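Biologist: I'd like to learn how to read a model like this one. Can we go through it together, feature by feature?

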Amino acid sequence: NGVNWTAINTSFNGNGNIPTVMGINASNTLFVIDDAQDVYVSSNKGASWKRIATNLNGAGSDILALTIGSNNTLYAIDKTEDVWVSSNSGFSWTNVASNFNGVGGDIGGLMVDSNLALYTADNRQDVWNSSNGGATWTEINTSFNGNSNIPTAMGINASNTLFIIDDAQDVYVSSNKGASWERISANIGAGGNMLYLTIDSN
């Protein structure tokens with residue numbers, strides 16, 4: 001439950017490249033993308049890793065978010081707001097949208113619901129949705145928190161309830177596909193920005 005942690009691998013990629021995003025599919029296969037944009041996979045709970053793709057976006061731009069749909073399609077967004085999709089478990093990637101929000105700027109995460117709709121929030125606090133695999137995006141909320149705090153982590157549960165944590169460590173929730181948001185917890189006391197959020201299926 002996150003109380004105690006054990007190092008199960010001391011260098012997943014065998015080099016000095018830093019992991020930027022992680023993901024897990026329905027079969028508990030783990031994925032890591034590092035700051036060389038190389039994709040690694042583990043099928044034994046992280047004990048060993050195999051590189052399956054090199055420099056997935058060919059641009060040298062860090063991947064900021066990764067999510068995996070129920071159909072095992074991988075979706076990623078990089079620092080230039082380009083959207084990348086892999087339909088073969090991360091081995092190859094296709095650029096389906098460039099600068100999806102038209103303004104650039106970092107995002108706070110990426111989520112996919114049970115209907116394969118995608119959601120993200122940018123550093124202007126705008127929430128975006130795509131219903132066609134990331135090809136086109138619609139701005140569905142222009143300021144999820146009503147202030148200037150930047151989203152740093154996002155998550156979704158089995159009921160398609162969306163969660164965002166911002167850089168004030170406030171937690172927001174949406175039960176209507178991102179159209180409106182409610183703050184349910186203020187300053188959860190992390191002492192620093194929350195970088196990742198994952199939600200147990202139980």
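Biologist: Is Asn72 buried, partly exposed or exposed?

Modeller: The idea is relative accessible area: buried means under 20%, exposed over 50%, and partly exposed in between, with a 1.4 Å probe and protein chains only. Asn72 has 30%, so it's partly exposed. Keep in mind that this is a predicted model, where local features need pLDDT of at least 70, side-chain atom pairs count only at pLDDT 80 or more, and totals for chains, interfaces and linings use all residues. Residues are numbered from 1 along each chain as its sequence is written, and side-chain values use heavy atoms, leaving out hydrogens and water.

Biologist: Where does Asn72 sit, and what is its phi?

Modeller: Look in the loop between strand E5 (63-68) and strand E6 (74-78). Strands are DSSP runs of E, at least two residues, and helices are runs of H or I, at least four, numbered from the N terminus. Phi of Asn72 is near 70 degrees, a positive value in a residue that isn't glycine.

Biologist: And what about Asn187?

Modeller: Asn187 isn't a glycine either, yet its phi is positive, about 45 degrees. You'll find Asn187 in the segment after strand E16 (182-185). Its relative accessible area is 48%, so Asn187 is partly exposed.

Biologist: How many helices and strands does the chain have?

Modeller: Zero helices and 16 strands.

Biologist: What share of the chain is buried?

Modeller: Buried residues make up 46% of the 202.
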